[in-house]
Every structure is written in C-alpha cells, then in structure tokens.
Amino acid sequence: MSDCLFCKILDGEIPADIVFESDTAIAFRDINPQASTHVLIIPRKHIATLNDIEADDEGIVGSLYSAARVIAAAEGIADEGYRAVMNCNAAAGQTVFHIHLHLLGGRALSWPPG
Ligand code: 5GP
Ligand code: ZN
C-alpha cells in the first residue's frame, strides 16, 4: 500500500530502528515508547486491521507472536513479563492501519489497560 506508513518502513522509505526481521515479519522500536521496551511487530503483508485477517493469514499472524517471543528474550524481559497487544479500530486507539503487535515491557503494566 503506497500510502501506508508501515509499508513505507518495510520498503525502507521511512527509517526505523529495526530489531527483528523474518520472511513474514519485521519489528522496530516505537517512535513514542510507552515502556522501556516498546517494539512494534508487523507482517510484511499489508493487512489493515485485525478484522481483515483471513484464514490464509494464520501463519503470518502466528509468526508475529513467534517474533514477540524472540524479541522479549533478546530484550531480557521474557521472565519478568511483558504484554503483546493489537489495537483494532478507533475505540481501541488504532492509528496506523497496518496490523501490528505492540510488545511492551520493562516496567509493571496495569490491567485492564485504559
Ligand atoms: P496504534 O495506535 O495504531 O495501535 O499504534 C501505532 C503506533 O505507531 C504508536 O504507538 C506510534 O507511536 C507508532 N508510530 C507512529 N508513527 C511512527 C513512525 O513513524 N515510526 C515508528 N517507529 N513508530 C511510529
Ligand atoms: Zn501497510
């Protein structure tokens, strides 16, 4: 998608601090971090929202969680704990319409989220 911010990061048109890459996903640090670790994990395939995930995408979406596991270990937060969440549409605060897992850790996270 030519007008998608995260597709532009995938294409290298917009710089990002990339911490993980695989055949199906990449991950980079959030520009406005909400915790000492705040990484966004995105599929290489443009999917606008969680509502748009199709049955054929299950492997891709699973790979986002595999990436979260690897990155959490690399960041040293796997044992203490972290959160991996995806916002869907306006009420949940989604602002970039290319699905992404927020990987947050390095501090105590309250529940439920606001
Ligand atoms: P959402 O609100 O859609 O769940 O999350 C979008 C996230 O993308 C936000 O946490 C925001 O800080 C981050 N973000 C927005 N623009 C950029 C950017 O240009 N680069 C990076 N690395 N993160 C961005
Ligand atoms: Zn996109």
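This is a short tour of two ligand sites in a predicted model.

**Stop 1**

Now check the angles. For four tetrahedral donors, the ideal angle is 109.5 degrees.

**Stop 2: Cys 7 and His 46**

Colour helix H1, residues 5–10; Cys 7 sits in this helix. Then find His 46 in the loop between strand S3 (37–43) and helix H2 (58–75). These two residues are 39 apart in sequence, so the pair ties together separate parts of the chain.

Is Cys 7 buried or exposed? Cys 7 is buried, because its relative accessibility is 8% and the cut-off is under 20%. His 46, at 23%, counts as partly exposed.

**Stop 3: ligand 1**

Move to ligand 1 and show the 15 residues around it. Asp 30, Asn 87, Gly 93, Thr 95 and His 102 come nearest.

Look for contacts with oxygen atoms of the ligand:

- Asp 30: a polar side-chain atom lies 2.4 Å from an oxygen atom of ligand 1.
- Thr 95: a backbone N or O atom lies 2.7 Å from an oxygen atom of ligand 1.
- Val 96: here a backbone N or O atom is 3.1 Å from an oxygen atom of ligand 1.

Finish with the surface of ligand 1. On its own, ligand 1 has 520 Å² of accessible area, and the protein covers 82% of that.

Terms used. Residues are numbered from 1 along each chain as its sequence is written. Chains are lettered from A and ligands numbered from 1 in the order in which they are written. This is a predicted model: local features need pLDDT of at least 70, side-chain atom pairs count only at pLDDT 80 or more; totals for chains, interfaces and linings use all residues. Side-chain values use heavy atoms; hydrogens and water are left out. Helices (H or I, at least four residues) and strands (E, at least two) are DSSP runs, numbered from the N terminus. Buried means under 20% relative accessible area, exposed over 50%, partly exposed in between (1.4 Å probe, protein chains only). A residue is near a molecule or strand if one of its heavy atoms lies within 4 Å of it. A polar contact is a pair of N or O atoms within 3.5 Å; within protein, one must be able to donate a hydrogen and the other to accept it, and residues adjacent in sequence count only if both atoms are side-chain atoms. Accessible areas come from the Shrake-Rupley method with a 1.4 Å probe; for residues, only the protein chains shown count as cover.
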